[in-house]
Amino acid sequence: MKYDVIIVGAGPAGSSAAYYLAAAGRKVLVLEKETFPRYKACAGGISIKALPLLDFDWQGVVEAKPRTLVFFYRSNQSFKVEWKEPMVYMVMRDRFDSLLADRAKKAGAEIKFGNPVEGVFIDPGSISVKTKTGFSYRASYVLGADGANSRVARSLNLLKNRRFGTAVAVEIQHDRGFGNHQEIRVDCGLVPKGICWQFPKTGQTSTGACTFRQGVNIYDGIDRFLTREGMEKKIILRKGHRLPADGGERKRLTAYRAMLLGDAGGLVDPLTGEGIYYALKSSFLAARAIIEKNTPDQVTALYQESIFRELFPELHAASRLTALYYRLTGVCFKLVQINPRLARALCDAMCGNFTYQKFIKSFASYISVRRQS
Ligand SMILES: Cc1cc2nc3c(=O)[nH]c(=O)nc-3n(C[C@H](O)[C@H](O)[C@H](O)COP(=O)(O)OP(=O)(O)OC[C@H]3O[C@@H](n4cnc5c(N)ncnc54)[C@H](O)[C@@H]3O)c2cc1C
């Protein structure tokens with residue numbers, strides 16, 4: 001049987017694309033290697049810029065809505081930014097991803113769980129996908145939404161020259177008297193070229209760290225962070241994962257009748273590690289291209305162009321800030337710490353209330369005023 005679209009992976013990118021396409025009447029098959037609900041190493045912070053893409057009732061899976069961000073540098077110096085409204089919504093990915101997959105199913109998408117894809121093959125006039133369980137499926141288009149280690153990208157030779165960091169998620173059991181469940185904490189100095197974080201949830205706290213430097217022992221930084229927060233004895237689980245590090249670089253995300261979405265396409269904010277928004281947005285752009293255009297060339301060209309136009313400028317700006325920040329971490333921290341307006345503008349940009357492009361302009365004018373005075 002031939003499908004209109006086969007989607008590999010049922011994370012936020014895959015399930016959202018499946019929903020849009022099935023709702024538009026396309027015959028959609030999603031192949032997911034895991035059985036849902038499954039744990040996904042992720043802090044589960046969804047910034048407000050993703051809200052327009054979540055235009056259905058998902059509040060039932062929201063665990064916390066923090067309004068305060070506290071930044072530390074090597075455990076001691078700190079500053080805080082507070083908002084009146086929540087800037088980030090906290091979810092556990094097992095529940096969030098299951099909700100998105102159910103929504104896609106209700107719209108008519110067929111989802112086969114426990115079906116890891118082995119490779120993608122180009123056929124005359126179509127494209128096919130082979131699973132490790134020995135089945136083969138054919139479609140007009142394939143969407144690679146299979147995460148940072150994407151098989152689809154590898155099969156189509158689209159993973160060459162890509163860069164990755166390492167991230168580790170650590171889930172912590174908390175009891176009533178534990179910590180402040182309404183604030184996000186980030187430490188900028190404990191892991192070289194990386195950060196440690198603590199995100200509040202209902203029955204637990206998601207902590208973790210990421211680094212974009214090769215060969216760093218990320219666990220040293222996490223252990224110091226957990227000890228400072230008094231959480232080292234309450235660990236439920238630790239899980240590492242690759243994190244795309246080339247979000248700000250222009251790269252090809254399409255080949256023949258295939259397109260890469262979300263982490264598979266390296267679409268992650270290099271400053272914050274935020275990828276859920278980019279997964280949702282790229283799924284919308286890919287589905288729109290398939291729905292609006294008629295030929296594979298037109299579809300893939302529109303998708304690639306939409307990514308460059310709608311996502312790349314912000315990812316590129318985040319990448320410029322990241323390069324500066326990792327070169328001069330202590331100096332940047334101090335500058336933001338002593339200037340509350342700059343601190344707020346940066347946090348607003350990280351959450352999507354403001355753009356990184358505007359923040360860079362404010363930062364540049366702040367530096368030039370300081371130089372003159
Ligand atoms: C430790 C950590 C913390 C993070 N914290 C945040 C955060 O707080 N906020 C945020 O926005 N982002 C965060 N991210 C990034 C975020 O997790 C990803 O950007 C996001 O999950 C990308 O969604 P996706 O749908 O593209 O891929 P994924 O969520 O990775 O989904 C891919 C799916 O494909 C399936 N799959 C993989 N291979 C195959 C195969 N061969 N065949 C079939 N199926 C396959 C997987 O099982 C999975 O279900 C974090 C990442 C890490 C590692």
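**View 1. Helices α8 and α9 cross in a left-handed manner.** A crossing is called left-handed if the near helix is turned anticlockwise from the far one by less than a right angle, and right-handed if clockwise. Welcome to this predicted model, in which local features need pLDDT of at least 70 and side-chain atom pairs count only at pLDDT 80 or more, while totals for chains, interfaces and linings use all residues. Residues are numbered from 1 along each chain as its sequence is written, and side-chain values use heavy atoms, with hydrogens and water left out. Helices (H or I, at least four residues) and strands (E, at least two) are DSSP runs numbered from the N terminus. The axes of α8 (residues 340–351) and α9 (residues 356–372) come within 9 Å and cross at roughly 160°; axes are lines fitted to C-alpha atoms, for helices over the stretch in contact, and angles run from 0 to 180 degrees between N-to-C directions. That makes α8 roughly antiparallel to α9 (angles over 145 degrees count as roughly antiparallel, under 35 as roughly parallel, 65 to 115 as roughly perpendicular and the rest as oblique). On α8, the contact is made by L342, A345, L346, A349 and M350, and on α9 by Y356, F359, F363 and Y366; contact means heavy atoms within 4.5 Å.

**View 2. Strand β14 is largely enclosed by the rest of the structure, because seven of its seven residues are buried.** Buried means under 20% relative accessible area, exposed over 50%, and partly exposed in between (1.4 Å probe, protein chains only). Look along residues 194–200 of β14: G194, C196, Q198 and P200 point one way, while I195, W197 and F199 point the other. Two strands pair if DSSP finds at least two bridges between them. Strand β13 (residues 183–187) runs antiparallel to β14 and is joined to it by three bridges, with V186 standing opposite W197. The β13 and β14 hairpin has six residues between its strands, and K193 takes a positive phi near 50° there. With strand β15 (residues 204–211), β14 pairs in the antiparallel sense over seven bridges. Here I195 stands opposite C210, and the hairpin of β14 and β15 has three residues between the strands.

**View 3. F72 lies in strand β5 (residues 68–73).** This residue is buried, with a relative accessible area of 10%. Leaving aside neighbours within four places in sequence, F72 is in contact with several residues, including R185, V186, D187, R228 and F333. The C-alpha atoms of F72 and Q337 are separated by 9.7 Å, although the two residues are 265 residues apart along the chain.

**View 4. Three strands form an open sheet in the order β3-β7-β4, with antiparallel pairing.** β3 (45–47) and β4 (62–64) are the edge strands, each with a single partner, so one side of each is left without a neighbour in the sheet. Neighbouring strands of this sheet are turned by 50° against each other on average, direction ignored. Three bridges link β3 and β7 (residues 88–91), and G45 has M90 as its bridge partner in β7.

View 5. In the loop between β2 (28–31) and β3 sits P37, and the peptide bond from F36 to P37 is cis, with omega near -5°. N161, in the loop between α3 (151–155) and β12 (164–173), has a positive phi of about 60° although it is not a glycine; N161 is exposed, at 75% relative accessibility. Y256, also not a glycine, has a positive phi of about 55° and is partly exposed at 36%.
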